[in-house]
Amino acid sequence: MTTKIEKLQYLYPEDIYGYSHDLSENEVNFLMKLREVLEKELYPVIDEHWKKELFPMEAFKKITDLGLMTHPTLFEGRENKRKTSEIFNLFRLYELNRMDSSIGAFTIVHGGLAYSTVLIGGSEEQVNYYAPKLASYEWHSCFGLTEPLHGSDIAGGLSTTAEKQGNKWVLNGEKKWIGGAATADVLPIFAREVEDGKIKCFMVAGGTKGLTVDKIDGKIALRMVQNGHIKLNNVEVDAEARLENINGFKDVAKILYTTRADVAHLATGLHAGALANTLKYVKEREQFGKKISEFQLVQEKLARMQANCVTSLGLSHRLAVLQEKGKYAEVQSSLAKMNNAYRLRETVALGRELLGGNGIIVEHDVARFFVDAEAAYSYEGTHEVNSLIIGRHLTGKGAFV
């Protein structure tokens, strides 16, 4: 009989400090099944979909059919039946992004940003209505915050408007870079109320009159994610569609730093995926009469990749422990995201170097991690914004403007 530790050694040989040992037996078994489905159903179709900028919906459904957010064994002994343990969430994202970042990013947008928006912003009635449909992936969702002219300055610059007219709200404006928007069944849209100037959130059904979504083509990173440019032209929603507990940017920030932790985990998974695929290549590639894995310079680069992977995993693990205890805040999330994404650029560059010319073609996988690292570096808080959050904590002085 295979023990839990033996399963973890198979799944995560790079985890030399044993952070994954905190997973329960049930969680490890689920991750084993997830790995099997990823390798059998997703991996064979990644290259084709990556080249064509298409999302592999059929393969993704087989992943979500496992009960990615709902499998009953993941909630045994937990009081909160809405969310899995944060340690499991870390390794769920680690596993998905170890395979491909487009899949991991879409999962974070839907299961992190959109789902957290409902859990944090909704009334009990709204949570009971939306959460089960999102958790089961019956409905797909997104996160309509970023705008064409407002990204890092969205707190003060958000220009999409919401005006109360009788028992309706009328929304006008644009959103950009919204992952999964084109196929979303329901879109959380953040808008500034005309009357009081406060940011509110509205659950807009896909296909609503006045709502259009144009796909953003030509990306070099996260090519399979269907990022959308949303336009809202007098879009009407019922009063019940406004999430009751979002009444300003401070409420939005709670969602952001919760999900910023997820992006730290995403980056950690990318470290692992780049390392795994690089190792596979160098153990097979021969030059000068022997495997290139036997050369000193190659092993030095591999050692640096491993160090980056493990230190990022350590930060993610500690952050997950704090999240589970409810004892974390913006600074911890920003530090983990900043560091893990920053170090990721070195990891993927080293992997690309070790593959030589083969490192720039999708066939050997490392190229996907190389370009996806650029997206991870910039989204969910740019490197600079996260640095300023940490700098404000250290000095007591804000330096954003």
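Two strands count as paired here if DSSP finds at least two bridges between them, and strands themselves are DSSP runs (E, at least two residues), while helices are runs of H or I with at least four residues, all numbered from the N terminus.

Hi everyone, with that in hand, a word on what we have. This is a predicted model, where local features need pLDDT of at least 70 and side-chain atom pairs count only at pLDDT 80 or more, while totals for chains, interfaces and linings use all residues. Residues are numbered from 1 along each chain as its sequence is written, and side-chain values use heavy atoms, with hydrogens and water left out.

Let's start with the sheet. Threonine 161 stands opposite asparagine 172 in β2, and lysine 164 faces tryptophan 169 of that strand. Those pairs belong to β1 (residues 161–165) and β2 (residues 168–179), which run antiparallel with 5 bridges. Between the two strands of this hairpin sit 2 residues, and glycine 166 in the turn has a positive phi of about 65°. On to β6 (residues 227–238): β2 pairs with β6 in the antiparallel sense too, over 9 bridges, and glycine 173 has leucine 232 in β6 as its bridge partner.

Now the whole sheet. It is open, with 6 strands in the order β4-β3-β1-β2-β6-β5 and mixed pairing. Which strands stand at the edges? They are β4 (199–205) and β5 (211–215); each has a single partner strand, so one side of each lacks a neighbour in the sheet. On average, neighbouring strands are turned by 30° against each other, direction ignored. For the angles, axes are lines fitted to C-alpha atoms, for helices over the stretch in contact, and values run from 0 to 180 degrees between N-to-C directions. Helix α5 (residues 101–121) packs on this sheet, touching β2, β3 (186–193) and β4, and its direction makes about 50° with that of β3. Contact, by the way, means heavy atoms within 4.5 Å.

Finally, helix α1, residues 4–11. Its buried residues (under 20% relative accessible area; exposed is over 50%, partly exposed in between, with a 1.4 Å probe and protein chains only) are Lys4, Lys7, Leu8 and Leu11. They lie on the same side of α1, because they cover an arc of only 100° around the axis, taken from the directions from the helix axis to the C-beta atoms. These buried residues pack against α2 (25–52) and α4 (86–99).

Why does lysine 7 count as buried? Because its relative accessibility is 15%. Neighbours within four places in sequence aside, lysine 7 is in contact with Thr2, Glu25, Val28, Asn29 and Met32.
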